[in-house]
Amino acid sequence: MGKIVVVDAGPREGWNTAQMLEAAARGAAETGARVEMVRLYDLDFKGCRSCFGCMRKGSEHNGHCVWPDGLKPVLQSIDDADGIIVGSPVYFGDVTSECRAFIERLMFQVLNYEGPAFCDGHLKVGCVYTMNAPEAYAVQIAQRYARLYDMFYRYIGDVSATETLQANHYDRNYLDAGLEVARRERRERHFPLDLLRARELGRMVALA
Ligand SMILES: Cc1cc2nc3c(=O)[nH]c(=O)nc-3n(C[C@H](O)[C@H](O)[C@H](O)COP(=O)(O)O)c2cc1C
């Protein structure tokens, strides 16, 4: 069976995004796939430096980021993976800055302005998003990134957890305490379904 790399681009261990990704990882593992978990916030790295080390004509590095920082081993591991599942909370209408930096590095390394990309397109991609906003908002973000990943890789699908519980104590933060009851209810009733859908996404990415 193949290898699936699960990339957590959220900062909070054990929270919404991390739980969704654990469920996705479980789904992938259930198919017999080897699953590797990566937490981007534990790594020391930045986005693409535009060094063109991956794009040099005749270079053995075409298709491979050469920048030697904390993300390089992750990109190397993805080189021989069958799929990745990338999860991020939504921050100001987008994925987190760490997620964006990861995507820059993942995508630019295979870009060839003069011809076909430096990859065979076999890498399967699944995405997980979590956010305070309702479902309609999730669709916009998911579609935007689906188009981006689809340029070079094989986009399988995405799952979002919306209207998430944002903190354990709304009343201790300026978080609109009026929302707490509804968010807790959603956490109990709806979030378990989101976790099931994430698990199914993990299976799909592994089996597709
Ligand atoms: C810096 C910051 C910006 C955020 N911006 C948005 C946003 O634009 N839209 C939204 O729906 N939720 C936003 N949120 C809420 C988070 O996306 C949401 O609570 C998410 O589920 C958190 O994921 P986590 O529990 O894994 O940390 C923001 C949260 C933070 C901390």
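Tutor: Two strands count as paired if DSSP finds at least two bridges between them. The model discussed here is a predicted one.

Student: How do you know that S3 and S4 are paired?

Tutor: Seven bridges join strand S3 to strand S4 (residues 124–130). The cut-off is at least two bridges, so S3 and S4 count as a pair. The two strands run parallel, and within them Val86 stands opposite Cys127 in S4.

Student: What makes S1 a partner of S3?

Tutor: Five bridges join strand S1 (residues 3–8) to S3, again in parallel. With at least two bridges required, S1 and S3 therefore pair as well. Here Val5 stands opposite Ile84 in S3.

Student: Why is strand S3 called mostly covered?

Tutor: Seven of the seven residues of S3 (residues 83–89) are buried, and buried means under 20% relative accessible area. Both faces are covered: Gly83, Ile85, Gly87 and Pro89 lie on one side, and Ile84, Val86 and Ser88 on the other.

Student: Which residues have the most contacts inside the largest nonpolar core?

Tutor: They are Ile84, Phe102 and Tyr149, in a core of 42 residues. S1, helix H2 (72–79), S3, H3, S4 and helix H4 (135–150) each supply at least two of its residues. The largest share, seven residues, comes from H3.

Student: Is Phe52 buried, partly exposed or exposed, and why?

Tutor: The relative accessibility of Phe52 is 35%. Buried requires under 20% and exposed over 50%, so Phe52 counts as partly exposed. Phe52 is found in the loop between strand S2 (34–39) and H2.

Student: What makes the phi angles of Phe52 and Phe92 worth a remark?

Tutor: Most residues other than glycine have a negative phi. Phe52, not a glycine, has a positive phi of about 65 degrees. Phe92 is likewise not a glycine and has a positive phi of about 50 degrees.

Student: Why is the largest cavity called a cavity, and what lines the largest cavity?

Tutor: The largest cavity holds about 100 Å³ of space, and the term cavity is used because a 1.4 Å probe fits there but cannot get out. Its lining includes Cys48, Phe52, Trp67, Arg105 and Gln109. By class, this lining has eight nonpolar, two polar and two charged residues.

Student: How is the lining of the second largest cavity divided by class?

Tutor: That lining has two nonpolar, four polar and five charged residues. Among them are Glu163, Arg183, Arg186, Arg187 and Asp194, and Asp, Glu, Lys and Arg count as charged. The largest share, three residues, comes from H5.

Student: What makes the largest pocket a pocket rather than a cavity?

Tutor: A pocket is an open set of points, whereas a probe cannot get out of a cavity. About 280 Å³ of space lies in the largest pocket. Of its 16 lining residues, Arg12, Pro89, Val90, Tyr91 and Gln166 are the closest to the centre.

Methods:
Residues numbered from 1 in each chain as written. Predicted model: local features only at pLDDT ≥ 70, side-chain atom pairs only at ≥ 80, totals over all residues. Heavy atoms only, no water. 1 Å grid on protein atoms, 1.4 Å probe; cavity = no way out; pocket = protein on both sides within 12 Å on 5 of 7 lines; lining within 4 Å. Points joined across faces, edges and corners; volume = space filled by probe spheres on them. Helix = DSSP H or I, 4+ residues; strand = E, 2+ residues; numbered from the N terminus. Buried < 20%, exposed > 50% of the residue type's maximum accessible area, 1.4 Å probe, protein only. Core = buried A, V, L, I, M, F, W, Y, C linked by side-chain atoms within 4.5 Å.
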